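I opened this notebook to keep track of what I looked up in one structure.

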Amino acid sequence: MNIRPAYSTDAAVLADLINQSSEGMCACMWQHLAEGDESPLGAGARLVHKETGVFSFRHATVVAKVHEVFGMISGRHLLASESPAVLDEYLPFVRALIKLEQHALDTWNIVALAVFEEHRRHGLATQLLEAAEQLAQTLNIRQMSIIVASENPSAIELVEDYGFRCVATEPVVRCGVMTHNGDWLLMVKDI
């Protein structure tokens with residue numbers, strides 16, 4: 001297995017992993033962006049396949065063996081200039097995440113981190129976190145951030161073991177097939 005940048009040809013598997021990472025919230029969002037008879041994951045794959053945008057494959061790193069992707073991490077430098085002026089323009093279930101991001105400006109924000117279930121507990125997520133931290137350090141970014149669901153103890157344990165701490169919370173606003181209630185936790189790590 002090796003860590004490599006994601007390719008545009010990884011779009012479908014990246015969309016699946018991004019949706020898993022978001023506790024199903026991305027499928028709800030992508031449903032609103034679907035074109036014609038496109039499925040939510042199909043819309044997600046179309047967005048991931050693009051060269052730009054939050055979900056672009058260009059922001060992702062994968063752990064893979066030949067062409068089989070086992071997991072991914074996607075992130076970006078969270079800049080104040082990208083903050084939305086009006087929250088009401090966003091879907092209600094996305095607003096809590098945007099509010100939390102306001103507490104994490106100028107961090108390397110991990111948008112998505114997921115490993116397929118059959119490949120978990122082998123250190124792959126930690127390897128992906130290490131790759132993201134190295135990238136952030138090369139960009140002279142001093143903190144990393146990630147948002148996890150309070151009802152996902154495995155994710156919380158992973159990032160706490162890696163040195164993240166909770167700095168803010170917002171209640172989850174449920175939609176569609178989301179798997180959690182509870183709160184979103186903004187976790188931050190100094191690097």
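**Entry 1: ground rules.** I am working with a predicted model, where local features need pLDDT of at least 70, side-chain atom pairs count only at pLDDT 80 or more, and totals for chains, interfaces and linings use all residues. Residues are numbered from 1 along each chain as its sequence is written, and side-chain values use heavy atoms, with hydrogens and water left out.

Entry 2: I took helices (H or I, at least four residues) and strands (E, at least two) as DSSP runs numbered from the N terminus. Two strands pair if DSSP finds at least two bridges between them. I began with β3, residues 68-77. On one side, β3 pairs with β2 (residues 60-65) in the antiparallel sense, over six bridges. In that pairing I found Ala-60 opposite Ser-74 of β3. The hairpin of β2 and β3 has two residues between the strands, and Val-66 takes a positive phi near 55° there.

I then looked up β4, which runs antiparallel to β3 and is joined to it by seven bridges. Gly-75 has Ile-110 in β4 as its bridge partner.

For accessibility I used these classes: buried is under 20% relative accessible area, exposed is over 50%, and partly exposed is in between (1.4 Å probe, protein chains only). Eight of the ten residues of β3 are buried, so this strand is largely enclosed by the rest of the structure.

**Entry 3: Asn-109.** I found Asn-109 in strand β4, residues 108-115. Which residues does Asn-109 touch? Contact means heavy atoms within 4.5 Å. Leaving out residues up to four places away in sequence, I listed Ser-74, Gly-75, Arg-76, Leu-78, Glu-101, Ser-145 and Ile-146.

**Entry 4: Leu-186.** I placed Leu-186 in strand β7, residues 183-190. Beyond residues up to four places away in sequence, Leu-186 touches, among others, Leu-100, His-103, Ala-104, Ile-147, Arg-165 and Val-167. I checked Ala-104 separately: Leu-186 and Ala-104 are 82 residues apart in sequence, and 8.1 Å apart in space, C-alpha to C-alpha.

**Entry 5: salt bridges.** A salt bridge is a side-chain nitrogen of Lys or Arg within 4 Å of a carboxyl oxygen of Asp or Glu.

One joins Glu-35 to Arg-46, with the closest N and O atoms 3.5 Å apart. Glu-35 lies in the loop between α2 (25-33) and α3 (40-49), and Arg-46 lies in helix α3, so the pair ties together parts that are eleven residues apart in sequence. Arg-46 counts as partly exposed, because its relative accessibility is 22%. I also noted a network of salt bridges that links Glu-35, Glu-38 and Arg-46.

In another, the side chains of Arg-58 and Glu-51 meet at 2.6 Å, N to O. Arg-58 is exposed at 52%, while Glu-51 is partly exposed at 48%.

I also looked up Lys-189 and Glu-133, whose closest N and O atoms are 3.3 Å apart in a salt bridge. Lys-189 lies in strand β7 and Glu-133 in helix α5 (residues 124-138), so this pair ties together parts that are 56 residues apart in sequence. Both Lys-189 and Glu-133 are buried.
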